Amino acid sequence: QGYEGLVEGGDNIKQANWLSVSNIIQLGGTVIGSARCKAFTTRAGRLRAARNLVEHGITNLCVIGGDGSLTGADIFRSEWAGLLDELVREGQISEEVARQNCRLNIVGLVGSIDNDFCGTDMTIGTDSALHRIMEVIDAITTTAQSHQRTFVLEVMGRHCGYLALVSGLASGADWLFIPESPPEDGWEDLMCERLGE
């Protein structure tokens, strides 16, 4: 469950094995779960996370996420030595354990269906999100044609219109709204005229 699992510890931290990761590559979402974690935004929460990592002898993290997750990883990395010192002072770990875990290595991977991160060609999740959108469009198109109806489809993407744009191109959509190019005044008449054609 992301940082939530790191802070809570216990059964949230376990070793992956062949059975736990086989036959999942074609699935959307993530089998390890995802959660917002307010506790990790506090030093006390990060201290608990550090304690849980040290308890398991983990000194390498692979953080897959967006701006919040990667910012959290950078803060965690910068505080690591201080967190270990605090755990030693509180008697939660020994100085020897702190020495053995003195370095925290982090790899950050952009996981966002929005595909809105500078320096990446395609973020993790974008391709599978687009695939799901196209499946829905393919299924709904025949219904729209048989009933001679117009369908409005909203896709995810928050402030980024990438998924809307490429799925609109791939499906031959008649009208498209994206946040990067807000509609101009009178768009309603233009849209009705286009659909009327």
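Predicted model: local features only at pLDDT ≥ 70, side-chain atom pairs only at ≥ 80, totals over all residues.

Biologist: OK, how much space lies in the second largest pocket?

Modeller: About 940 Å³. It is lined by 32 residues, and those closest to its centre are Phe-151, Val-152, Leu-153, Ala-173 and Trp-175.

Biologist: Which elements give two or more residues to that lining?

Modeller: Those are helix H6 (126-147), helix H7 (162-171) and helix H8 (187-196). H6 gives the most, with six residues.

Biologist: And how does the lining of that pocket split by class?

Modeller: There are 19 nonpolar residues in the lining, along with nine polar and four charged ones.

Biologist: Switching to strand S1, which residues are on its covered face and which on its uncovered one?

Modeller: S1 covers residues 60-65. Leu-61, Val-63 and Gly-65 make up the covered face, while Asn-60, Cys-62 and Ile-64 are on the uncovered one.

Biologist: How many bridges join S1 to strand S2?

Modeller: Six, and the two strands run parallel. S2 spans residues 105-110. If you want a spot to look at, Gly-65 stands opposite Val-110 in S2.

Biologist: What is Ile-64 in contact with, apart from its neighbours within four places in sequence?

Modeller: Leu-109, Gly-111 and Ile-124. There's also a C-alpha separation you can check: Ile-64 and Val-107 are 43 residues apart along the chain, with 8.5 Å between their C-alpha atoms.

Biologist: Now the loop. Where does Thr-123 lie?

Modeller: Thr-123 is in the loop between S2 and H6.

Biologist: Buried or exposed, and why?

Modeller: Thr-123 is buried, because its relative accessible area is 4% and the cut-off for buried is under 20%.

Biologist: What lies 2.3 Å from a polar atom of its side chain?

Modeller: The backbone oxygen of Ser-112.

Biologist: And which residues is Thr-123 in contact with, again leaving aside neighbours within four places in sequence?

Modeller: Ser-112 is one of them, and the others are Val-110, Asn-115 and Phe-117.

Key: Residues numbered from 1 in each chain as written. Heavy atoms only, no water. 1 Å grid on protein atoms, 1.4 Å probe; cavity = no way out; pocket = protein on both sides within 12 Å on 5 of 7 lines; lining within 4 Å. Points joined across faces, edges and corners; volume = space filled by probe spheres on them. Helix = DSSP H or I, 4+ residues; strand = E, 2+ residues; numbered from the N terminus. Nonpolar A, V, L, I, M, F, W, Y, C, P; charged D, E, K, R; others polar. Buried < 20%, exposed > 50% of the residue type's maximum accessible area, 1.4 Å probe, protein only. Pairing = 2+ DSSP bridges. Contact = heavy atoms within 4.5 Å. Polar contact = N/O pair within 3.5 Å; in protein donor to acceptor, adjacent residues only side chain to side chain.
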